[in-house]
Amino acid sequence: MLQGKSILLGISGGIAVYKAAELLRLFVKAGASVHVVMTENAQRFVTPLTFQALSNNPVGCELFSMQSESQISHIQKARLPDLVVLAPATANLMAKMAAGIADDLLTTILLAATAPVLVCPAMNVKMWEHPATRRNLRTLTELGYKIEPPASGFLACQEEGAGRLAELCDIFESALRLLTPPTLAGRSVLISAGPTREYFDPVRFLSNPSSGKMGYALARIAARRSAKVVLVSGPVSLDCPSGVERVCVASALQMRDAIVELSAQQDAIVMTAAVSDYRPSELSAQKIKKSAEGFSVRFEPNPDILASLGQTKPPGQVLVGFAAETQNVFENAKDKLIRKNLDLIVANDLAKEGAGFGLDTNQVKIIGRNREPIDLALMTKDEVACEIWDRVERLLSGGEN
Ligand code: CTP
């Protein structure tokens with residue numbers, strides 16, 4: 001994900017310094033080359049050696065170091081990265097940045113840096129809420145710095161409140177977003193994901209094994225490309241991707257209501273949800289008791305959400321469906337594309353290895369109205385999501401599908 005990208009990780013002195021080591025590992029694992037610069041106080045918490053070993057690069061600590069100035073000056077260091085991440089960023093570092101002070105290696109680099117800077121504050125709750133810190137935060141935002149707000153919870157200083165360094169996965173996602181071209185900026189997109197549950201008594205339902213992973217990957221990648229993303233999700237055990245608004249539903253009727261309410265303002269809608277085609281005709285108010293004779297449930301059809309979106313589609317909106325098939329994949333999917341008035345349909349053959357429910361990979365065929373279908377190789381669901389958004393973007397800018 002970060003292959004070929006260069007990140008400068010600036011670390012200032014607070015207890016959260018130990019978390020920066022794990023963040024560095026995430027960046028390195030994703031393929032980035034990382035250079036670390038530490039303030040003097042940061043070195044009191046964790047030694048530069050840790051960061052040198054993890055990054056495989058020398059750690060910058062001093063502004064006027066004979067050795068590092070001869071090899072790579074602070075000005076060169078400032079020119080080097082595609083992104084600067086400050087984690088943890090103390091109240092003191094933020095104050096210096098807001099005032100334009102450059103009195104050590106890190107703050108000097110920051111004044112000369114041209115890359116986007118992601119500031120991840122971590123401090124005591126009182127310091128975070130102090131009017132001076134609020135003012136500095138506003139100044140940093142006005143200056144164009146991106147802020148990853150701290151999380152709330154139990155702090156190292158034995159107090160509760162906002163001030164904990166943001167979750168590392170959220171920092172990582174924000175960094176990825178800053179490094180991804182904003183090709184969906186200004187676009188609103190809606191994605192449906194997961195299964196639906198059709199209850200026939202308070203504790204039992206009809207459902208399917210959809211994990212929601214494909215829909216969540218589409219939401220994550222769209223947010224990374226700077227779209228305004230709403231994810232209408234059936235019950236799944238996945239965290240909401242950062243920067244995505246999630247609407248949780250259970251039944252097909254709830255999913256339909258949530259989607260219909262939001263559909264008109266969307267530039268693109270992608271339906272990955274495995275919507276149950278049927279729901280029980282009756283819902284028992286009480287738990288159905290066991291009986292020796294067995295019992296039967298009568299089902300009635302659910303509305304086809306995608307087909308109704310196809311009928312009311314505003315001009316210019318791109319509508320994408322999924323087709324999970326076990327036979328005649330192309331014919332069945334093409335039929336759904338036409339019947340439901342879609343722009344694209346993504347077909348997967350459930351019989352293929354690596355392309356079933358709950359996996360992290362998928363192998364799909366993307367079928368448009370006018371072009372030859374595209375057979376994609378087996379790839380991760382994030383990669384499939386990138387391929388789908390590439391095509392949606394082409395359609396949104398008036399290209400052929
Ligand atoms: N879909 C929907 N509402 C339904 C059923 C399906 O919006 N009640 C959407 C799915 O989200 C998917 C597409 O329609 O994007 C195709 O779903 P699929 O289950 O493959 O097709 P069905 O239309 O249900 O046809 P069949 O079950 O006969 O294959």
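Biologist: How do the axes of α11 and α15 cross, and within what distance do they come?
Modeller: Helix α11 (residues 213–224) and helix α15 (residues 381–396) have axes that come within 8 Å and cross at roughly 60 degrees. That makes the two helices oblique (under 35 degrees would be roughly parallel, over 145 roughly antiparallel, 65 to 115 roughly perpendicular, and the rest is oblique). The axes are lines fitted to C-alpha atoms, for helices over the stretch in contact, with angles from 0 to 180 degrees between N-to-C directions.

Biologist: Which residues make the contact?
Modeller: On the α11 side they include Met 214, Leu 218 and Ile 221, and on the α15 side Val 384, Ile 388 and Trp 389 are among them; contact here is heavy atoms within 4.5 Å. By class there are 10 nonpolar residues, no polar ones and 5 charged (Ala, Val, Leu, Ile, Met, Phe, Trp, Tyr, Cys and Pro are nonpolar, Asp, Glu, Lys and Arg charged, the others, Gly among them, polar).

Biologist: Before I go on, what kind of model is this?
Modeller: It's a predicted model: local features need pLDDT of at least 70 and side-chain atom pairs count only at pLDDT 80 or more, while totals for chains, interfaces and linings use all residues. Numbering runs from 1 along each chain as its sequence is written, and side-chain values use heavy atoms, with hydrogens and water left out.

Biologist: And the helix and strand labels, what are they?
Modeller: DSSP runs, numbered from the N terminus: H or I over at least four residues for helices, E over at least two for strands.

Biologist: OK, at what angle do α6 and α7 cross?
Modeller: Roughly 40 degrees, with the axes of α6 (residues 91–99) and α7 (residues 105–112) coming within 10 Å. So α6 and α7 are oblique to each other, and α6 passes α7 in a right-handed crossing. Leu 93, Lys 96 and Met 97 of α6 meet Leu 106, Thr 107 and Leu 110 of α7. That splits into 4 nonpolar, 1 polar and 1 charged.

Biologist: Switching to strands: what's the order in the open sheet?
Modeller: β2-β1-β3-β4-β5, 5 strands with parallel pairing; strands pair if DSSP finds at least two bridges between them. β2 (33–38) and β5 (146–147) are at the edges with a single partner strand each, so one side of each has no neighbour in the sheet.

Biologist: How many bridges join β4 to β5?
Modeller: There are 2, and β4 (residues 117–121) runs parallel to β5. Leu 118 sits opposite Lys 146 in β5.

Biologist: Which strands form a hairpin with 2 residues between them?
Modeller: β9 and β10. β9 (residues 198–201) and β10 (residues 204–206) pair in the antiparallel sense over 3 bridges, and Asp 201 stands opposite Arg 204 in β10.

Biologist: How many salt bridges in the whole structure?
Modeller: The search finds 20 (Lys or Arg side-chain nitrogen within 4 Å of an Asp or Glu carboxyl oxygen). Glu 159 pairs with Lys 126, with their closest N and O atoms 2.8 Å apart. Glu 159 is in the loop between β6 (151–154) and β7 (160–164), and Lys 126 is in helix α8 (residues 125–129), 33 residues apart.

Biologist: Last one: which peptide bond is cis?
Modeller: Ala 87 to Pro 88, with omega near -5 degrees. Pro 88 lies in strand β3 (residues 83–89). Also, Asn 56 isn't a glycine but has a positive phi of about 65 degrees.

Technical notes
A crossing is left-handed if the near helix is turned anticlockwise from the far one by less than a right angle, and right-handed if clockwise.
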